[in-house]
There are 2 protein chains.
Amino acid sequence: MGTVESAWSELCQHLREIEVLSSVTAVVHWDRQTMMPPAGASNRGEQSALMSRIVHERLADPRVGEWLDQLRESEELTEVQKAAVRNIGRSYANAVKVPGELVERLGAARGEGFGAWVAAKESGDFNGFAPILETLFDLVVERSAAIDSDRPAYEVLLEDFNPGTNLAVLEPTFDRLAVGLREFIQAVSDVEPMPKLSETFDVERQQKLMRQVAGSVGYDFDGGRLDKAPHPFTISLGPGDVRITNRLYDDDLLGGLGGTVHEAGHGMYEQGLPNNLRGTSVNSAASLGLHESQSRFWENYIGRSQPFFEWMMGPLKSFYPESSLSAQDLYRAANRVTPSLVRVTSDEVTYNIHIIIRFEIEKDLFSGRLKTKDLPDAWNDKYEHYLGVRPSNATEGVLQDVHWSGAAFGYFPSYTIGNLYAASLGATLSEQQPDLWQNVAAGHFTPILSWLRENIHSKGHLLDAPDRMKVVVGERDSVEDLLSYLWGRHGAIHGLKRPSA
Amino acid sequence: MGTVESAWSELCQHLREIEVLSSVTAVVHWDRQTMMPPAGASNRGEQSALMSRIVHERLADPRVGEWLDQLRESEELTEVQKAAVRNIGRSYANAVKVPGELVERLGAARGEGFGAWVAAKESGDFNGFAPILETLFDLVVERSAAIDSDRPAYEVLLEDFNPGTNLAVLEPTFDRLAVGLREFIQAVSDVEPMPKLSETFDVERQQKLMRQVAGSVGYDFDGGRLDKAPHPFTISLGPGDVRITNRLYDDDLLGGLGGTVHEAGHGMYEQGLPNNLRGTSVNSAASLGLHESQSRFWENYIGRSQPFFEWMMGPLKSFYPESSLSAQDLYRAANRVTPSLVRVTSDEVTYNIHIIIRFEIEKDLFSGRLKTKDLPDAWNDKYEHYLGVRPSNATEGVLQDVHWSGAAFGYFPSYTIGNLYAASLGATLSEQQPDLWQNVAAGHFTPILSWLRENIHSKGHLLDAPDRMKVVVGERDSVEDLLSYLWGRHGAIHGLKRPSA
């Protein structure tokens, strides 16, 4: 009795310190991406490495295992305690099973990998990146085997980013989605793409506009801030301090808008986590896929809708009274669909094909069907097969993404998992809130955020994401939800009708 | 032999980790002052407290004592090793002698003190602040006794901020300075003060101007940045990352300019420290007084000189072509002398009287001649005695400074120590560089910075500040240097002649 109580209390106190130290590491990281002068890079690397080591040491503290064992013996755990035992059990197991020297080798290889990737991307020469990529791959395989040698290495990685997910579910899901998306892309390839915007917008006023938009959808600036960053991201620096970033160009208002609303979606998830449960591990996101569902939901489902642009005309005209654009112009340009080579600038339809290509390539790598040295050709063939476009060099092909240079194999699927979740969340929300689109057109976003707060954000990591989704949306088919949403919006814009429907 | 070598190597490695952790704490602190959203304050407090505890634990690690003992036994230490044994010996002794629970009580009292001070300063009610001030005072006395019960508590504090300084030297120095300053203030009180500037300057362009000025005098933006902050400060976030801050008002160009050049002076000192000696403790400032000498030297000796404003006309007119001010207008307004109530906005002559008042009050507190509850009257009497002005309330009187609310008794003298050092450095430099003022008028600041780099910055904490000053300026009388400088510049402007000269 007393033992379980004291084990719980000591575990929470220990974990709270780890949380605080991790939030310190987040300050250091945010600053590096947004504020740090160039000459600070070397010491900043030492700061991050040392903080990671200190956090890892505390995570692998044998007392954590003892507290967990004591809790596991109890049959009267609360819902929060049960979730904590599951969550902390995972991170403790990973921390203990992966030898420190492997962590250090991985850290060093990541550093080398990033440098080699930057150089290779600049020169377009994949061969300069291939050796370290092979090393990173081997290390990741070694790490997966250390964590669980009985399961496929790729599945161990997937679960790192998306606990509760496995290949048996993901593979047929992505396969079905691929079939449906190819059908749409085939249909859309016969019609003229929507025109881009022709006007330009100076970035200083744009940033003010973006602040207003982020604040309007519900991102809380009292506990956050929006800054420029070369690679936009969202990061929590601890409770009450969740920051978002964006990147703006004079000639790409919609790119900046989508990016800002996307990061605001991530930010609102972090801002809505249950801070009253600090030190329990339940006060964190359930998975990266669920995180991505929040950003994608706001960016695409809400942020590319016609009512959203009707509302946007007010803020837009207040900052750019000289603009002659209409809501319809924005709506159509924001929903332009064209197969392209680069993931991060692709439209929301073909985006998932970019992910499916990476997923298939990663599976081939981990099954041994593909060697890292053969990646460029495999990549180009997939792009030709799925999108009818073929990269002319590695820079716009296999070298476009940073992920693998940081050993983040198994991360890409999170993006499409997020899109699938977002589609089912959108379908459910629009059933439960019949006046959803009237609210959006009126800039009345509170009911939407409240619904997400109640159903997703405030639940933290009580359940793994797939289980949380079941509770919120029921037994929906998310592939069908996503395809139906895409055909509904984009089919209508392009004057297409879903053949099978 | 081998023992000393390995002790040295292990000590340096240990200390380098402490340095890295301290630099992490600095990132967290800088961010709090410049970037953090309001709701982040609570977690930020936890971050700082935890990082301080981790740094303190490592500083008090018994192995540090053992390594020091091994080094002390050797008779063949290098110059750097000898300095390190002295510096680290001090901080280790402090870390070990002050019990952890006293550190925590002090930390808690500081937190409470700051809150009570903010409230009291707002309401003007000293009585709301008096009880916690008394507690802070008692704790500081207790801490001093723990460090060295054989020496006066106030001297222990002084040495914390200015190692190598003691009351026996400081007291007669400040007394002589007070006499000289009162003579000048008496003389200047009979003439009309220089007029203030009448033009206003929008702060956005001001900040661009300030960047140019800071960069021109030698502050390196490749390893630094300049941001706004409510209470301007300089902080090193580690090698290659030394940041400065300022505060600008439309109607106070010269206040912003002086503040910026002041912080640039601090920043250049930090940027010039010997980063090749990381982990030795020698790669740090020798004292806060010497630090202040660098900021004051640039702010006053250079930055209020006539040649400086001749150079300034170029940058000023490039940003404010509409301004009709002349170099002479700026020079005269920048050297306006009037007795006033508030230290931070006072001129460079009366500034030292503000410090001497605080020094005398602190001495009276620690000798028991004065009780904390009687501070307001004592404060007001001193102001009337020295400056002929009497605060009408505690807000513009004893509550104006934050220092005591943070238990920083013994800190104030650093400012005037800095002014004294700066005067002797200026006198020496102008002897060694006869074309000094031509260079300043031409915006050619490199010879000045090079001289400071060579004589002060690059020497780090090899010697304590008083010893370093002797090496650089010889056996000069810094009181005479300061008075002579003040009479020279301000006497000329006001048409006064030094009576005793």
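Buried area is the accessible area that two parts lose on being put together, summed over both. In this predicted model, chain B and chain A bury about 3,000 Å² between them. Let's look at that interface, and then at one helix of chain B.

**Where the chains meet**
- On carbon and sulfur atoms lies 54% of the area buried between chain B and chain A.
- Three residues, B:Met35, B:Pro37 and B:Asn43, supply 16% of what chain B buries against chain A, more than any other three residues.
- Contacts link 38 residues of chain B with 38 residues of chain A.

**What holds hands across the gap**
- You'll find 10 salt bridges between chain B and chain A.
- One of the salt bridges joins B:Arg44 to A:Asp241, with the closest N and O atoms 3.3 Å apart.
- Helix 1 (2–34), helix 2 (41–59) and strand 1 (224–228) of chain B each give two or more residues to the side that touches chain A.
- Helix 1 of chain B gives the largest share of that side, 11 residues.
- Sorted by class, the side of chain B that touches chain A has 17 nonpolar, nine polar and 12 charged residues.

**A helix with two faces**
- In helix 18 (residues 446–455) of chain B, the buried residues are B:Ile448, B:Leu449, B:Trp451, B:Leu452 and B:Asn455.
- Looking down the axis of helix 18 of chain B, these buried residues fall within an arc of 160 degrees, so they line one face of the helix.
- The face turned away from the buried side carries the exposed residues B:Thr446 and B:Glu454.
- The buried residues of helix 18 pack against several helices of chain B, including helix 9 (203–217) and helix 19 (465–473).

Conventions. Residues numbered from 1 in each chain as written. Chains lettered and ligands numbered in written order. Predicted model: local features only at pLDDT ≥ 70, side-chain atom pairs only at ≥ 80, totals over all residues. Heavy atoms only, no water. Buried < 20%, exposed > 50% of the residue type's maximum accessible area, 1.4 Å probe, protein only. Helix = DSSP H or I, 4+ residues; strand = E, 2+ residues; numbered from the N terminus. Arc of directions from axis to C-beta. Contact = heavy atoms within 4.5 Å. Buried area = accessible area lost by both parts, 1.4 Å probe. Salt bridge = Lys/Arg side-chain N within 4 Å of Asp/Glu carboxyl O. Nonpolar A, V, L, I, M, F, W, Y, C, P; charged D, E, K, R; others polar.
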